[in-house]
Amino acid sequence: NETGRLRILTIPRDTWVPIPGSSYENRIASLYETGGASLVVLAVEKLLGVSVHQYVTIDMATFAEIIDTLGGIDLYVETDMNYDDPEANLSIHLKQGYQHLAGKDAVGYLRYRSTDLGDVGRSKRQQMFVRALYEEAMQVSTLPKIPAIAEILQTRVTTSAEIFDSAHIANVLRHMNREAPEVWMLPGTTAEGDDTIWMPDTQAVGEGIAKLFPSPNETE
């Protein structure tokens, strides 16, 4: 908005949503696998009651490369994280405590899924990560790295709008508020009988969206 304050909504990958154009429902991550970003956009618009004007999709390898280009990220790892999945080419081994993580380890931090909190715990971890990444990106030292980041974005991500040139990125950063972004997880609860599914709380979603995206005539 005009204040330059960033607002972010995270949607757990196991959120249960209607499949656009169908009478069936499924996890939102499954929609991406079957119909790509365009199908997910339709589902998100229905879920939130807002229009999604642009989207960007990025794979984990590219995201790790961006983190490395920034010079890594400072994070507090809340618990020892050890997980190996050869089939998914995933190996996570992180010690508890404050650490400076390179791209590969930062992605491991994001992807780690503990058995106690499942996708909800991972979403909360992603919120902390977003704040740390934002703080890193707003450093003066980021400015000379913008051309390299722009090149990665131009060649490695899929987007509905070609907006990733160096001048545009620099202009966006100049207008961003230095306050930490407001990060909000889609409200809901685990499904009865299946705690791997996240059921949205429709009323809370509507109230949260009204706060995150107030109408132009509303004051904050």
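## A first look at Phe 164

Leaving aside its neighbours within four places in sequence, which residues is Phe 164 in contact with? The model you are looking at is a predicted one, and in it Phe 164 touches Val 56, Ala 150, Leu 153, Gln 154, Val 157, Thr 159 and Ile 169.

To find Phe 164 yourself, go to the loop between strand 9 (158-159) and helix 6 (166-175). Is Phe 164 buried or exposed? Its relative accessibility is 16%, so Phe 164 counts as buried, the cut-off for that label being under 20%. For a sense of distance, compare sequence and space: Phe 164 and Ala 61 are 103 residues apart in sequence, and their C-alpha atoms are 18 Å apart.

## The chain as a whole

Now let us step back. The protein chain has 7 helices and 12 strands. Its radius of gyration is 18 Å, close to the 17 Å that the globule rule gives for 220 residues, so the chain is as compact as a globular protein of that length. Taken along the principal axes, the C-alpha atoms fill a box of roughly 50 × 50 × 30 Å.

How does the chain come together? Consider the contacts between residues at least 6 apart in sequence: 58% of these join residues at least 24 apart.

## Inside and outside

Of the 220 residues, 40% count as buried. The chain exposes about 13,000 Å², and carbon and sulfur atoms supply 52% of that area.

## Two aromatic pairs

How many aromatic pairs does the structure hold? There are 2 aromatic pairs. In one of them, the rings of Phe 63 and Phe 129 have their centres 5.8 Å apart and their planes at 50°, so this pair is tilted. It links distant parts of the chain, with Phe 63 in helix 2 (residues 60-70) and Phe 129 in helix 4 (residues 118-137), 66 residues apart. Both Phe 63 and Phe 129 are buried.

The other pair joins Tyr 76 and Tyr 98: the ring centres are 4.7 Å apart and the planes are at 55°, so this pair is tilted as well. Here Tyr 76 sits in strand 5 (residues 73-77) and Tyr 98 in strand 8 (residues 97-101), 22 residues apart. Tyr 76 counts as partly exposed, at 35% relative accessibility, while Tyr 98 is exposed, with a relative accessible area of 73%.

Definitions and conventions. Residues are numbered from 1 along each chain as its sequence is written. This is a predicted model: local features need pLDDT of at least 70, side-chain atom pairs count only at pLDDT 80 or more; totals for chains, interfaces and linings use all residues. Side-chain values use heavy atoms; hydrogens and water are left out. Helices (H or I, at least four residues) and strands (E, at least two) are DSSP runs, numbered from the N terminus. The radius of gyration is taken over C-alpha atoms; the globule rule is 2.2 Å times the number of residues to the power 0.38. Buried means under 20% relative accessible area, exposed over 50%, partly exposed in between (1.4 Å probe, protein chains only). Contact means heavy atoms within 4.5 Å. Accessible areas come from the Shrake-Rupley method with a 1.4 Å probe; for residues, only the protein chains shown count as cover. Rings of Phe, Tyr and Trp (its six-membered ring) pair if their centres lie within 6.5 Å; planes under 30 degrees apart count as stacked, over 60 as edge-to-face and the rest as tilted.
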